[in-house]
Amino acid sequence: MSETFDVVVIGAGPAGYVAAIRAAQLGMKVACVENMLGKNGKPTLGGTCLNVGCIPSKALLDSSYLFHQAHTLQVHGVSVKDISVDIPAMMARKDKIVNQLTGGIHQLFKANGVTHLVGKGRLLAQHQVEVTDETGNLQRYGARHVIIATGSSPITLSVAPVDQQRIVDSTGALEFLEVPKRLCVIGAGVIGLELGSVWARLGSQVVLLEALEKFLPTLDGQISKEAFKLFTKQQGLDIRLNCRVTATQSRQGDVTVDYIDGEGRTVTEVFDKVIVCVGRRPNSQDVLVGDIGIATDERGFIRVDDYCTTSVPGVYAVGDVVRGPMLAHKAMEEGVMVAERIAGQATAMNYRYIPAVIYTHPEIAGVGKTEEQLASENIEYNVGMFPFVANGRALAANDTAGWVKIIADKSSDCILGAHIIGSSAADLVQQMAIAMEFGATAEDIGMMVFSHPALSEAVHEAALDVHGHAVHKVGRKRK
Ligand code: FAD
Ligand code: NAD
C-alpha cells in the first residue's frame, strides 16, 4: 500500500473536486484520482463540466449570441458593417476560459493540500483504491472513506456511431472548425437545443430529430409550448418530433441520415455534420471491481440514500453517477454534503428545490413542481403569470420574449413551483429557489420591494398575479 488517506475521491468533476476541497478544508488528508487529459494532452481537473460541458458550451453560446445580436443592433440606432465570424478565434477564446478554470482547480487543490493522483481509479475493496497511470503503472492506496464521483458519458446509438469527424457527440460539437452548412442533431433535449442554437446562430441550417412525440416533456407544459414556438418560428430551428433514425452513412464530404418521420415515412437527408445527444449514462462499470457489494440500479446508477451513502459502509457516491438530475450544481452540493458528513456534521441536501436551466435564448428555467405534476398529485394551486413584454427593462433591452409563471398552494399560498422563459431566467429563477427554501408565500414575494427597472419585477408581478393583484398587467381584475 503506497499511502493511506482519510478520503480518496475518484473523479475530479464538480462532484469530486468540490468534495475533495471541502474534505481538506475540514482537516482531512485527501487524494483525488482523475484520469482525464486536456486538449494539450496534460492531466486536467474539473471533469465534464469544466472541460467539455457547462463551461465551453456556455462560452460558445455567449459568443454566438453576440454574433447574432450584432445583426439586430440597428434597432438601437447602432449600425455595424461587415459583421463576420472567426470560428478558430471563437474556439480559442473558449479554450482559454476552460484553461483558466481548470488551472484554478489545480491551484485550489494545491492551496488546500489535496493530492492529485493522475490515473484511472478502481475501488478494489471497502478501504482500498487502485490507480493505474497512463504507462500502466499500478499503485494501491488505503482510504478510510471513498467517494465515487466518476460522472457520466454520452449515450451512443448503434445507428449513428460517433467518429468525431462527421458524426460527433457533445464533445465533438464544441470543436467544429467551420460552420456546418447543414447540421443534424439527434435528440432535441438540453444539449441538442443548446448546441443546436450555437451553430444555428452562426449560420447552420439545423434539423433536430427527436424520438418523442412531445417536446421537452418534463418541463411545464406552457413553457415547452412557448419554447417550441420561439425556437421553430422565430429562430428557424427545424425541430421534428416523433422521428426514429434508422441508419447513417458517413462519407468524405457529408453524412447521410435515414429516419422514419412522424407520419411513418422513410426519409433520407444529407448533412455536413451530425451531433448525437440522446442522453448520458453513469460511469459506474469501470470503477467497481468484482463484487464488493456496491449496488447499482438497472441503468447503472450507483444506489445511494438521501445522504449519498452506498450499500458499503464508508463508500459514498455523488454527482451524475447517482440518481437525480445530471446537473453540475446538484453534483457540487452532494460533494459538500458527503465531505461534511464524513467530518461528523449533520449536513443534508434539499432535493426539492434544485433549479434547472436550458441556456438557449430566451433561457428556460424552472424550480419546484410543474402544473402537470401538481395536477397528477391532486394538489390544488393558484397560478400567476407576467410577460416580459410588459416589463420596462426588457423593453429597454429589446428583449421581451417569454414570461414568469409562479404556482402557489391554494390553501397555504406557499410557492410550489416557478417556471420562467425569458432573458436571464437562470438568475431570476434562483430568487424563487431561495424564496421556496425559506417557505415563502406568493403574498410574501408580492409584498417585497423590487428594484426598478429590472427583469426581476416580472417575478414580483407574477407573484402578485397569483391573487389577481398584478399592477402592470392588462386583463386581470384587482381583487
Ligand atoms: P463529471 O463532470 O462527468 O466528472 C467525472 C470525472 O470523473 C471526469 O473527469 C472523469 O474523467 C473522471 N473519471 C471517471 N472515471 C474515472 C476513474 N475510474 N478514475 C479516475 N477518474 C475517473 N450541467 C449544469 O448544471 N449546467 C450546464 O450548463 C451544463 N451544461 C452541460 C453541457 C454539456 C455539453 C454537457 C455534456 C453537460 C452539461 N452539464 C451541465 C452537465 C454537467 O456537466 C454534469 O452534470 C456534471 O459535470 C456532473 O459532475 P460529476 O462530477 O458528477 O461528473
Ligand atoms: P436529454 O435527456 O436532455 O435529451 C436527450 C433527448 O434525446 C431526449 O429528448 C430524448 O427523447 C431524445 N432521444 C433519446 N433517444 C433518441 C433517439 N434514438 N433518437 C432521437 N432522439 C432521442 O439529454 P442530453 O441533451 O444528452 O443531455 C444529457 C444531460 O446533460 C441532461 O440530462 C442534462 O441534465 C445535462 N445537461 C445539462 C445542461 C444544463 O443544465 N443547461 C446542459 C447540457 C446537458
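**Close-up views of two ligand sites**

**View 1. Polar contacts of ligand 1, in which an oxygen atom of the ligand lies 3.2 Å from a polar backbone atom of M326.** In this predicted model, local features need pLDDT of at least 70 and side-chain atom pairs pLDDT 80 or more, whereas totals for chains, interfaces and linings use all residues. A polar contact here is a pair of N or O atoms within 3.5 Å. An oxygen atom of ligand 1 is also 3.2 Å from a polar backbone atom of P14, and a nitrogen atom of the ligand is 3.3 Å from an N or O atom in the side chain of N35. The protein covers 92% of the 1000 Å² of accessible area that ligand 1 has on its own (Shrake-Rupley method, 1.4 Å probe).

**View 2. The shell of 36 residues around ligand 1.** Among these residues (a heavy atom within 4 Å), E34, T48, K58, G121 and A328 come nearest. Helix α2 (a DSSP run of H or I, at least four residues) gives the largest share, four residues. The shell divides into 16 nonpolar, 15 polar and five charged residues, with Gly counted as polar.

**View 3. Ligand 2 and the 19 residues that surround it.** The closest are I191, E194, E210, M326 and V357, and the largest share, three residues, comes from helix α5 (residues 190-201). The shell of ligand 2 comprises 13 nonpolar, three polar and three charged residues.

**View 4. Polar contacts of ligand 2, including one of 2.8 Å between a nitrogen atom of the ligand and a polar side-chain atom of E194.** A backbone N or O atom of G279 lies 2.8 Å from an oxygen atom of ligand 2, while a polar backbone atom of A211 is 3.2 Å from a nitrogen atom of the ligand. Of the 840 Å² of accessible area that ligand 2 has on its own, the protein covers 74%.

Residues are numbered from 1 along each chain, chains are lettered from A and ligands numbered from 1 as written, and side-chain values use heavy atoms, without hydrogens and water.

Key:
A polar contact is a pair of N or O atoms within 3.5 Å; within protein, one must be able to donate a hydrogen and the other to accept it, and residues adjacent in sequence count only if both atoms are side-chain atoms. Helices (H or I, at least four residues) and strands (E, at least two) are DSSP runs, numbered from the N terminus.
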